[in-house]
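Please consult the sequence and model while reading.

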Amino acid sequence: MHRLSRRSVSAILRTGGARYRATAPSVSALHDPTADGNSNIPQFPNRWYSVLAAVKQCPPNSTKHPNVRNGFLVGNRYESTAAATDSSDPPAEKYEYQAEVSRLMDLIVHSLYSNKEVFLRELISNASDALDKLRFLSVTEPDLMKEAVDLDIRIQTDNDNGIVTITDTGIGMTKEELVECLGTIAQSGTAKFLKALKDSKDAGADNNLIGQFGVGFYSAFLVSDKVVVSTKSPKSDKQYVWEGEANASSYTVREETDPEKLIPRGTRLTLYLKRDDKGYAHPERIQNLVKNYSQFVSFPIYTWQEKGFTKEVEVDEDPAEAKKDGEDDTKAEKKKKTKKVVERYWDWELTNETKPIWLRTPKDVSTEEYNEFYKKTFNEYLDPLASSHFTTEGEVEFRSVLFVPAMTPMGREDVVNPKTKNIRLYVKRVFISDDFDGELFPRYLSFVKGVVDSNDLPLNVSREILQESRIVRIMRKRLVRKAFDMILGISMSENKDDYDKFWENFGKHLKLGCIEDHQNHKRIAPLLRFFSSQSENELISLDEYVENMKPEQKNIYYIASDNLTSARNTPFLERLLEKDFEVLFLIDPIDEVAIQNVKSYKEKNFVDISKEDLDLGDKNEEKEKEIKQEFGRTCDWIKKRLGDKVASVQISNRLSTSPCVLVSGKFGWSANMERLMKAQTLGDTSSLEYMRGRRVFEINPEHPIIRDLNAASWSCPDDPEAQRAIDLLYDTALISSGFTPENPSDLGGKIYEMMGMALAGKWGAPAAEVRPVMARQAEPVEAEVVEPSEAGGQK
């Protein structure tokens, strides 16, 4: 096993603690790709324009630049990675990596980044920093901008040879800076630049620089065998070339003397891609990566794209048709035939057109601009229902724009999937991730889409992981609060259809929030909507329910069922409807669990009318005592017959027309919950018996059937018919109360028996008349026998 010396270990700790991008005083330096292969950019010796800007639009009919042939830049071709340098070039100086740096570089390439495609994000960020630093320094040093070159970033690909070139017109690097920043991993030029500004107490220090850790440049080796950096600082008269390979322990630095490869200012980074990663040299793929990761970088990013336009060209006529036309009218002028063709050419295309709308003041942004931003960013075609644009300052500073979509994604699988990629996290306008497991938004709000941009989020070195910390918890709390304010605004809108549409699509999410987020019950509860016994066709809120409550009503009553019809006709409603108490109908499978977690609203408790000990506020103790004395023997008799099927038999105060009902225990499952738990494919059935064990059989002393059974309990308690009547009454109560009979066929047999007793001879003819008819139907019918031979002879 290889052991590091104590000195090496301390060096690793010192350099590794610096975290992230290798940017010199010119992060752009991290990006210059020419060095070995020629730049794909025509150069003009007399006057400098924006680097690569010389190949602006090349209309097919116009005179093309001498370096542009068939839409491609030629004359400046990439040479082989092993191409020999010009004999006139000065000898390259060789430098050795420090031993621990070599090991650290291996870790960066193979362990630090989990996704290869972030290499482009890192290199563009470096280029952006280089441009930012140039712009900042030019305020006090105008000579730095003497080369009239636009501040931009340009990316060109060579798909055939697997080469990607990234060029910026930023601050560039001197030879010393090149060695210092690209030869020492974790030496961040941006961090050093910011420290220098801070030490000098220079007002207006640019805190938007992206690089921090000094490893961003080396992400290029995720996809490259060889990287060439050609850089020119306005502080130096010479242009230098840095060249390194992925598995080498050293790199070279030399002066650039080839006139065709000289650049006015900035950095050109050339990546010679690995065999398996040459797909990154496809123009469309590079363009998509820029749009995903660097869409909101403040400097324009151009990519080299193939374009086309349609034009009409003349075609030769068919000789036969030409001869025929000549016979018809030899003197008539022949009309020339044309056809439409698409002519291809290559040109620069601005890739980051969408502007970071969250950086603007909300009052300056119109609704149409929010809608357009939402559609482009999240690939939507419908306008959002609502948006919220806000800036949070103080302990945690970040900007955000949140949206509520107009409809839920197909399949609704996002209800149980926390990783919906709906929240896009940016740090200084650079996309970091949209793959979170509930860090920024809880699962039940996963339908909310938006962007969050902060300058100081606690990220790891690779910027791919959002570290759990107090700052993240504070951000989450504020984002959730703003999301609820946005949804509440929809519910209070004059257009009621907006919230109806929202509830249809995302109501289940809020109900899930009742279960998972106890801290926000006060925000969630006003947004809930249900049908009720007084509003079967229109959803009502809990505020409307409380407003309509009777003065003597103390609780919010509800009944859980599988559909409106069952809820509307349940026997549990009888007394409440008589008293004109409104009852909520919970017909969604998640409703009952959600309400049980909320427990109360505006000091009113939620009460399930299918549970025992229902208090309707009209108890008469003297009358109840008399009824218990009269029907006490009946209750004991019925309990003895039913045995362990019920916990007890009681007099009911919730029935008016039904003879009996089976209610659940106060702390057990309701009939609806029991049905749902049985239906769980992967559910644990071991608790089923325990949770449903306590059932109470309640009887209505006013009903004729109960009065008849009361008489039977005194006169003939052992009568088999009376016993069977109790069994049938219990089985019927099971069904009417929402439970499932354990033996449906046995229940069917009892019903058929009772029907037979009740209907025997009621509509039938006298028995003497029925028998002759049955006898005649039973007489045999003579049939003619046909022999096989005879049958076969008939045709």
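## Helix packing

H10 and H15 cross in a left-handed manner (left-handed if the near helix is turned anticlockwise from the far one by less than a right angle, right-handed if clockwise). The model is predicted: local features need pLDDT of at least 70 and side-chain atom pairs pLDDT 80 or more, while totals for chains, interfaces and linings use all residues. Residues are numbered from 1 along each chain as its sequence is written, and side-chain values use heavy atoms, without hydrogens and water.

Helices are DSSP runs of H or I with at least four residues, numbered from the N terminus. Axes are lines fitted to C-alpha atoms over the stretch in contact, with angles from 0 to 180 degrees between N-to-C directions.

| Helix pair | Axes come within | Crossing angle |
|---|---|---|
| H10 (residues 496-516) and H15 (residues 591-598) | 8 Å | roughly 45° |
| H19 (residues 704-715) and H20 (residues 720-736) | 11 Å | roughly 145° |

H19 also passes H20 in a left-handed crossing. In this pair, Ile705, Ile706, Leu709 and Ala712 of H19 make contact with Ala722, Ala725, Ile726 and Leu729 of H20 (contact means heavy atoms within 4.5 Å). By class, these are eight nonpolar, no polar and no charged residues (Ala, Val, Leu, Ile, Met, Phe, Trp, Tyr, Cys and Pro count as nonpolar, Asp, Glu, Lys and Arg as charged, and the others, Gly among them, as polar).

Helix H3 (residues 118-137) has 20 residues, of which 19 are buried (under 20% relative accessible area, with a 1.4 Å probe and protein chains only).

Methods
Helix = DSSP H or I, 4+ residues; strand = E, 2+ residues; numbered from the N terminus. Expected span 1.5 Å × (residues − 1). Buried < 20%, exposed > 50% of the residue type's maximum accessible area, 1.4 Å probe, protein only.
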